[in-house]
Amino acid sequence: MRAFTTLNGRVVPLDRANVDTDAIIPKQFLKSIKRAGFGPNLFDEWRYLDHGEPGMDPATRSPNPEFVLNFPRYQGASVLLARDNFGCGSSREHAPWALEDFGIRAIIAPSYADIFYNNCFKNGILPIVLDGAVVDRLFRECEASEGYRLNVDLDKQTVTTPGGEVLAFEVDGGRKHRLLNGLDDIGLTLLQADKIKAYEERRKVEAPWLFA
Amino acid sequence: MSGLTLFQKLWDAHVVHVEADGTTLLYIDRHLVHEVTSPQAFEGLKLAGRRPRRADAAIAVPDHNVPTTDRSQGIADPISRLQVETLDANCAEFGITEFKMDDIRQGIVHVIGPEEGLTLPGMTVVCGDSHTSTHGAFGALAFGIGTSEVEHVLATQCLWQKPSKTMLVKVEGQLGKGVTAKDIALAIIGEIGTAGGTGYALEFGGSVIRALSVEGRMTLCNMAIEAGARAGMVAVDATTIDYVKGRPYAPKGAAWDMAVAWWNTLHSDADAVFDRVVELDAAKIEPQVTWGTSPEMVTTINGSVPNPADAPSAVKQHDWARALEYMGLQAGKPIAEIPVDKVFIGSCTNSRIEDLREAASVARGRKVAPNVKLAMVVPGSGLVKQQAEAEGLDRIFVEAGFEWREPGCSMCLAMNADRLEPGERCASTSNRNFEGRQGQGGRTHLVSPAMAAAAACAGHFVDVRHF
């Protein structure tokens with residue numbers, strides 16, 4: 001996994017609550033057996049006027065000029081500003097894969113759906129929670145100022161605005177450590193192999209039907 | 001000291017290791033696998049040269065991509081076919097039992113787990129699918145995971161977790177005739193909102209839940225994720241144990257007695273303390289119909305489409321207005337006057353035998369209305385289909401003009417050929433009315449199986465209690 005330390009990135013504001021993972025990456029693209037290549041189909045139904053199917057060349061498609069990701073001023077964004085309950089619905093990890101493949105490295109929202117939030121950390125994306133009123137203000141600043149960028153520092157747990165305002169955020173210590181160092185979970189878990197083995201031996205006695 | 005919640009008991013029984021900050025390595029008893037969220041996990045295992053720690057704890061089934069029409073020619077869409085073939089190959093390579101597409105036991109992963117006794121009380125159950133919450137109906141701790149965690153469970157049989165907060169949703173009183181578990185689920189989501197359960201494990205309790213069948217409890221727990229909760233659960237009681245007994249993978253003999261002794265302890269203690277308690281009066285719950293693009297956008301069959309100006313916040317006003325535009329609805333329109341183009345009875349929410357009986361009892365002796373282009377019934381598994389046919393339900397549906405299909409996820413998410421066309425309006429027994437969920441531009445209204453069957457025959461939504 002790619003580590004996340006600091007990021008200075010252009011911000012794109014997606015002003016909708018309850019954005020679900022079906023919207024982030026529609027179902028027809030879930031047929032892929034690969035982990036990469038989902039970026040061109042991020043928010044496919046909102047981003048294009050024509051119907052998208054796997055294998056289509058993005059260059060031949062009709063972008064929706066009214067969708068915020070297509071605005072020239074937001075091209076190259078790596079920070080997504082979002083509203084409450086971002087990433088609700090399906091557990092599809094294709095959603096963070098699509099965001100990452102598109103170039104999004106950090107998301108700022110007042111709240112996230114649990115499974116999506118967890119999936120982000122497995123893919124080098126930092127989902128930042130800030131108070132709703134603060135997020136509201138960032139939306140206004142971002143929309144008012146072309147080329148708006150934010151600076152994110154995971155180690156210090158801060159977001160810094162162009163005006164120099166420093167906004168602190170909370171993040172679980174274990175997740176932070178793994179993201180800062182780009183560590184995958186499986187290797188760390190296997191360090192506990194003896195404990196897993198001991199648990200299994202105990203459960204085989206207590207609940208043998210689970211091992212039948 | 002106060003007693004323990006069901007969640008706490010299930011959690012405690014599966015702790016392998018706790019880090020200083022409380023992050024816990026939790027043991028997973030059952031891993032359900034399907035074709036959509038597993039290929040990249042198996043690929044990860046191969047790249048790292050790993051094998052599943054316990055292939056015997058996993059069970060696989062293709063369900064999202066499978067056709068619901070004649071399967072003798074396989075899957076027409078080459079990309080869907082490759083995904084299913086990839087599951088077949090991975091299961092063969094790693095020694096995981098799979099109910100393949102032509103197996104009578106094939107079906108929706110959340111239907112076959114309970115049906116086969118693969119889901120048992122007291123288990124931790126995971127699957128790369130958010131509706132894994134369904135299995136909590138058995139007094140299990142069950143939740144959906146992403147593909148990285150599918151790989152993690154295959155490799156280690158464990159997951160890193162932090163304990164959830166707990167919420168008791170208590171439903172007391174007398175449930176009206178024609179009001180079902182689906183209506184309770186939608187009423188709860190209407191009450192607490194689509195993010196109301198975020199960060200919580202929900203336990204459903206109260207006399208109404210105790211009186212529900214296991215299948216009704218599955219419908220309720222299935223929808224916990226639509227309230228934002230990864231897990232929903234119901235305490236074990238005699239209803240649970242009767243349902244499990246004799247199923248192919250359920251314990252037998254002395255192991256059964258030993259299991260039941262433990263399962264009987266799987267309920268929240270009388271003095272357990274929850275982080276939040278929500279109470280609903282069953283008598284006030286009427287048949288529910290969603291009107292928007294989130295399950296919380298719901299009202300009753302006797303309600304009407306709300307006015308965005310009445311939404312509780314500026315953000316919600318914006319969302320409601322956008323939802324009405326997408327749904328092609330005007331504020332003030334009575335729900336019972338909304339016509340439907342298609343009807344879908346199926347999905348992991350409502351495709352079990354009791355759901356089909358409920359729908360058939362409405363369809364019996366009636367005809368699908370002329371304005372309804374397609375009304376389809378998709379059983380949850382091959383065995384549900386077989387049972388329904390033994391009871392003659394298929395004939396009732398076919399005579400009424402419904403299509404009787406092969407089992408799978410079908411038009412709940414439209415990954416196979418079953419989908420809505422742009423602008424089409426559907427009465428659906430599934431779980432999500434998101435934009436584009438059932439097909440790009442499609443308009444979904446979530447209802448119970450009885451309400452869906454009634455809408456099919458009336459051509460518009462109608463109160464099944466007076467139909």
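How many salt bridges does the rule find across the interface of chain A and chain B?

Modeller: The model is predicted, so local features need pLDDT of at least 70 and side-chain atom pairs count only at pLDDT 80 or more, while totals for chains, interfaces and linings use all residues. Residues are numbered from 1 along each chain as its sequence is written, chains are lettered from A and ligands numbered from 1 in the order in which they are written, and side-chain values use heavy atoms, with hydrogens and water left out.

The rule finds seven salt bridges across the interface of chain A and chain B, each a side-chain nitrogen of Lys or Arg within 4 Å of a carboxyl oxygen of Asp or Glu. A:Lys31 forms a salt bridge with B:Asp77 through their side chains, at 2.7 Å from N to O.

The contact (heavy atoms within 4.5 Å) involves 58 residues of chain A and 75 residues of chain B. Between chain A and chain B about 5400 Å² is buried, and carbon and sulfur atoms give 54% of this area; buried area is the accessible area (1.4 Å probe) that two parts lose on being put together, summed over both. Of the area that chain A buries against chain B, 15% comes from A:Lys31, A:Ile33 and A:Trp209, more than from any other three residues.
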